[in-house]
Amino acid sequence: MAESECAAVEIDTQALLSRVSFRTQNYIESVDPTEVAKEQFDVILCLSTAKWIHVNFGDVGLKALFLKAHQQLAPNGIFIVETHPWKSHRKVSKGAFSLMS
């Protein structure tokens, strides 16, 4: 197929939307560890969160994030984490900025 020729792909929007959900929550505090494995996900996406979890909950918070995500991933699931450069992390840590304050 030439570059200018694109195959039209029909997407069943309703079927797709029934499988996709987005949540905003404090995953570290609000997710009960005993309930974690009951919900399984194909993909868990954490954007702009790892640094803030570390700033507010320390290493224990990061370990909780990875443990919960591991327990909630379906077989062959994907966990996507956006990382931040250490320079950015140190800058926030020195400013003692907290999302919890």
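This briefing covers the fold, the surface and the ring interactions of one protein. The model is predicted: local features need pLDDT of at least 70, side-chain atom pairs count only at pLDDT 80 or more, and totals for chains, interfaces and linings use all residues. Residues are numbered from 1 along each chain as its sequence is written, and side-chain values use heavy atoms, with hydrogens and water left out.

**Fold**
- Four helices and two strands make up the elements of the protein, in the order α-α-β-α-β-α from the N terminus.
- Helices (H or I, at least four residues) and strands (E, at least two) are DSSP runs, numbered from the N terminus.
- Of the contacts (heavy atoms within 4.5 Å) with a separation of 6 or more, 81% are between residues 24 or more positions apart.

**Surface**
- The protein has 101 residues, and 22% of them count as buried, meaning under 20% relative accessible area, against over 50% for exposed and in between for partly exposed (1.4 Å probe, protein chains only).

**Rings**
- The whole structure holds one aromatic pair, where pairing requires ring centres within 6.5 Å, and planes under 30 degrees apart count as stacked, over 60 as edge-to-face and the rest as tilted.
- F66 and F79 form this edge-to-face pair, with 5.6 Å centre to centre and 85° between the planes.
- F66 lies in helix α3 (residues 50–72) and F79 in strand β2 (residues 73–81), 13 residues apart.
- F66 is partly exposed at 43% relative accessible area, and F79 is partly exposed at 23%.
- The charged end of K68 sits over the ring of Y27, 5.8 Å from its centre; this requires NZ of Lys or CZ of Arg within 6 Å of the ring centre and within 35 degrees of the ring normal.

Terms used
Rings of Phe, Tyr and Trp (its six-membered ring) pair if their centres lie within 6.5 Å; planes under 30 degrees apart count as stacked, over 60 as edge-to-face and the rest as tilted.
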